[in-house]
Protein chains: 4
Amino acid sequence: MMTIKRLDLGDAGVLLAGARARAAEIGVPMCIAITDEGGNLVAFERMDGGKVTSITIAIDKSFTASGAKKATHEYGEVSQPGAPVYGIASAIGGRLMVVGGGLPVVVDGDVVGGIGVSSGTPAQDRDVAQAGIDAFLAAQA
Amino acid sequence: MMTIKRLDLGDAGVLLAGARARAAEIGVPMCIAITDEGGNLVAFERMDGGKVTSITIAIDKSFTASGAKKATHEYGEVSQPGAPVYGIASAIGGRLMVVGGGLPVVVDGDVVGGIGVSSGTPAQDRDVAQAGIDAFLAAQA
Amino acid sequence: MMTIKRLDLGDAGVLLAGARARAAEIGVPMCIAITDEGGNLVAFERMDGGKVTSITIAIDKSFTASGAKKATHEYGEVSQPGAPVYGIASAIGGRLMVVGGGLPVVVDGDVVGGIGVSSGTPAQDRDVAQAGIDAFLAAQA
Amino acid sequence: MMTIKRLDLGDAGVLLAGARARAAEIGVPMCIAITDEGGNLVAFERMDGGKVTSITIAIDKSFTASGAKKATHEYGEVSQPGAPVYGIASAIGGRLMVVGGGLPVVVDGDVVGGIGVSSGTPAQDRDVAQAGIDAFLAAQA
């Protein structure tokens, strides 16, 4: 039998708030998704002006980061033509995201969930996702 | 060109809070989804203990209620065997929900979005969705 | 080798116009889809106020009617519990529609396409689809 | 509550007519799709000889352009190997189109919908989509 650490809805709220604040700061309305360590959605919000296409993309970035225990931008690097994971982007019906903006949420070395952000550039998405994680880790301390 | 009224993220927060409070009151952790009038997700939360299978069900109940401008339990009635809309439940890849718990959000006669709730019985889901709408309408007054 | 009769875009326009006029007459804004005899979409329109959920439903009613050479309400009858085609409604990923509003377009005994209508009651949808076919047949005469 | 501008079926007809005229001029029968600002289909037509595979492609180009508020050819540039959005093409079940031919429809700085064209080369598709937008903007003036 295993015991699993998993973020709860309160944690998801902290992640969302941290990401939302950063998105407001850089002036890019975002879609923000939080998944648990099983890849299942815990919370989502589309800020006013966030892109409709980014709803699924944010959820799938978070799904990928939490389920694969890997940042989506890392998949971006290893899935380039000629690289070892080339072609992975269309896996799982296209849910495996290799574009930056999905980050695993790690506590004491364990992945307890993920955050996925979409609507800006991949660099902006990743920045906003990281702000969510920073807020979460600060609240843990 | 048309001009459309649509709920924003602030409105979605009021709907979520009203539904969440009622879910806590009846002691059933729920998945709660808010969509805009185009059926696109605006906000979602899975309360701690909410069912994993209810993630999609809550989202699709809200999609149905906002997109079809009709409560999902009304579809339940008219889609019984022998009734006029029998068989509609599997439409749109199964996204068309005929189980209670999805309600359109109506302002001045216009559907501006929807709320979908899942994890309890259909009666509980509908009760919790209605509590979200009651909170929203109270905030509008 | 076979020679196939198939409605063209001009025919689709006649079907659309006939259906649209009837929808306006009964005051129900509809989604209207026209498919060819291969079940492939030729034309579609969502009247202002037509339901978002009805986009796919109208297309799939037309797909079913043209592809199966059968009105969707006929499937409704034979797919009731205990009837021979019970369970067919979820076939083809839910695309097989058994709710009224999809009609094959028949010329000289051959199915040359289909029309699918959605947003009203099944009786209204079927009435509007029939108006499209009536306009088409009148134009053929 | 938000107030949104959205193209209506009359606007869609102007977009379709402009695109159809240009497609006829260059002698390439096209699939042409119009979506609203929420990415939902408003109108579609497949000109006689338009490709069956282009039905979904045209619809998805329009969905992408309206939902992401970005021309699909712009996604083509930033999703090349080594570029920031590499791998986005398979997102949303493959609906996120990075091939030219999808353009947002912009009025006073707001995206009110999209147009997607497919059956020719991407350059032809984009040219025909632009002709639709030119006709629409001329009618607005």
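A salt bridge is a side-chain nitrogen of Lys or Arg within 4 Å of a carboxyl oxygen of Asp or Glu. By that rule, the interface of chain A and chain D has 0 salt bridges, while the count between chain A and chain B is 2. This is a predicted model, where local features need pLDDT of at least 70, side-chain atom pairs count only at pLDDT 80 or more, and totals for chains, interfaces and linings use all residues. Residues are numbered from 1 along each chain as its sequence is written, chains are lettered from A in the order in which they are written, and side-chain values use heavy atoms, without hydrogens and water.

**Chain A against chain D**

- Contact (heavy atoms within 4.5 Å) takes in 20 residues from chain A and 21 residues from chain D.
- The area buried between the two chains is about 1500 Å², and carbon and sulfur atoms give 65% of it. Buried area is the accessible area (1.4 Å probe) that two parts lose on being put together, summed over both.
- Between chain A and chain D, 6 residue pairs are in polar contact, both at pLDDT 80 or more. A polar contact is a pair of N or O atoms within 3.5 Å; within protein, one must be able to donate a hydrogen and the other to accept it, and residues adjacent in sequence count only if both atoms are side-chain atoms.

**Chain A against chain B**

- Here 15 residues of chain A are in contact with 15 residues of chain B.
- The buried area is about 1300 Å², with 53% from carbon and sulfur atoms.
- L9(A), L41(A) and R46(A) supply 41% of the area that chain A buries against chain B, more than any other three residues.
- R46(A) also forms a salt bridge with D36(B), with the closest N and O atoms 2.8 Å apart.
- Across this interface of chain A and chain B, 11 residue pairs are in polar contact, both at pLDDT 80 or more.

**Inside chain C**

- T35(C) counts as buried because its relative accessibility is 0%. Buried means under 20% relative accessible area, exposed over 50%, partly exposed in between (1.4 Å probe, protein chains only).
- The side chains of T35(C) and S62(C) are joined by a polar contact of 2.7 Å.
- Beyond neighbours within four places in sequence, T35(C) is in contact with residues including L7(C), I59(C), F63(C) and G113(C).
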